[in-house]
Amino acid sequence: MTFKFDAIGTHWQIDIPKELQAEEESGLLNKIKSRIDIFDKDYSRFREDSLVTKISKEAGIFNLPDDADKMIYFYKKMYDVTRGLVTPLIGQVLVDAGYDAKYSLEQKPLSKPPAWDDVIEWEKPTLTLKKPALLDFGAGGKGYLVDIVSELLEENGIISYCVDAGGDMRHRSENKEVLRIGLENPNDITEVVGIVKIL
């Protein structure tokens, strides 16, 4: 069976080789969509009602959801490894570049994102913003959400599956089946330029 739907600005496809009863199938899909919506409402900078939008308006101390810890830990690690090139503090820069909630594509003067230690202190579950900042979790958030959805499937007894959210994928096979993924040529979508194998 396959679930296909759009969420968080991309197309999702979830393939499950196991057949489910109609009521079980409907219930599982509702759980998946509900979990995605919770994540989106917490971390999307495109939603006026999101937590990220709320905390962007003023400095202060904020309690974040339990799933924030892994994501902020990941971003801090990537921030350190890349010497600040990967940062959740890129949000306002993206807005100024025209990548805003309305996709205006109207560029304003750009400035460098602030340094992590000048803005963020994190001690689960508390985020302290020393100054207002629009956080952007786009670089890793979708992949993390794929992991969350995959864990939800496993919690509901689904052992084999493939979750694909616009190219961010997680695959599990009870029989250790290898999934072959073609890498599309961006200049010719009919051509594959390489193969990636995932377990």
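1. Helices (H or I, at least four residues) and strands (E, at least two) are DSSP runs, numbered from the N terminus. Two strands pair if DSSP finds at least two bridges between them. The model is predicted: local features need pLDDT of at least 70, side-chain atom pairs count only at pLDDT 80 or more, and totals for chains, interfaces and linings use all residues. Residues are numbered from 1 along each chain as its sequence is written, and side-chain values use heavy atoms, with hydrogens and water left out.

2. Start with Asp-40. This residue is found in helix H1. Asp-40 counts as buried, at 17% relative accessibility. Buried means under 20% relative accessible area, exposed over 50%, and partly exposed in between (1.4 Å probe, protein chains only). Leaving aside residues up to four places away in sequence, Asp-40 touches Ile-8, Arg-47 and Ser-50. Contact here means heavy atoms within 4.5 Å.

3. Strand E1 covers residues 2–7 and strand E2 residues 10–15; they run antiparallel and are joined by six bridges. Within this pair, Lys-4 stands opposite Gln-13 in E2.

4. E2 also pairs with strand E6 (residues 161–165). Four bridges join the two, which run antiparallel. Asp-15 has Cys-162 as its bridge partner in E6. For Gln-13, the partner in E6 is Asp-164.

5. Is Glu-19 buried or exposed? Glu-19 is exposed, because its relative accessible area is 62%. This residue is found in the loop between E2 and helix H1 (22–43). Glu-19 and Lys-142 are 123 residues apart along the chain, and their C-alpha atoms are separated by 27 Å.

6. There is a further hairpin to check. E8 and E9 form it, with two residues between them. Strand E8 (residues 179–185) and strand E9 (residues 188–198) run antiparallel, joined by seven bridges. Ile-181 stands opposite Val-196 in E9.

7. How many cavities of 30 Å³ or more does a search of the whole structure find? The search finds one. A cavity is a set of points, on a 1 Å grid over the protein atoms alone, where a 1.4 Å probe fits but cannot get out; lining residues have an atom within 4 Å of a point. Grid points are joined across faces, edges and corners, and a volume is the space filled by probe spheres set on the points. The largest cavity has a volume of about 30 Å³. Its lining is Ile-72, Pro-88, Trp-116, Ile-120, Leu-127, Leu-135 and Phe-137.

Note on methods:
1 Å grid on protein atoms, 1.4 Å probe; cavity = no way out; pocket = protein on both sides within 12 Å on 5 of 7 lines; lining within 4 Å.
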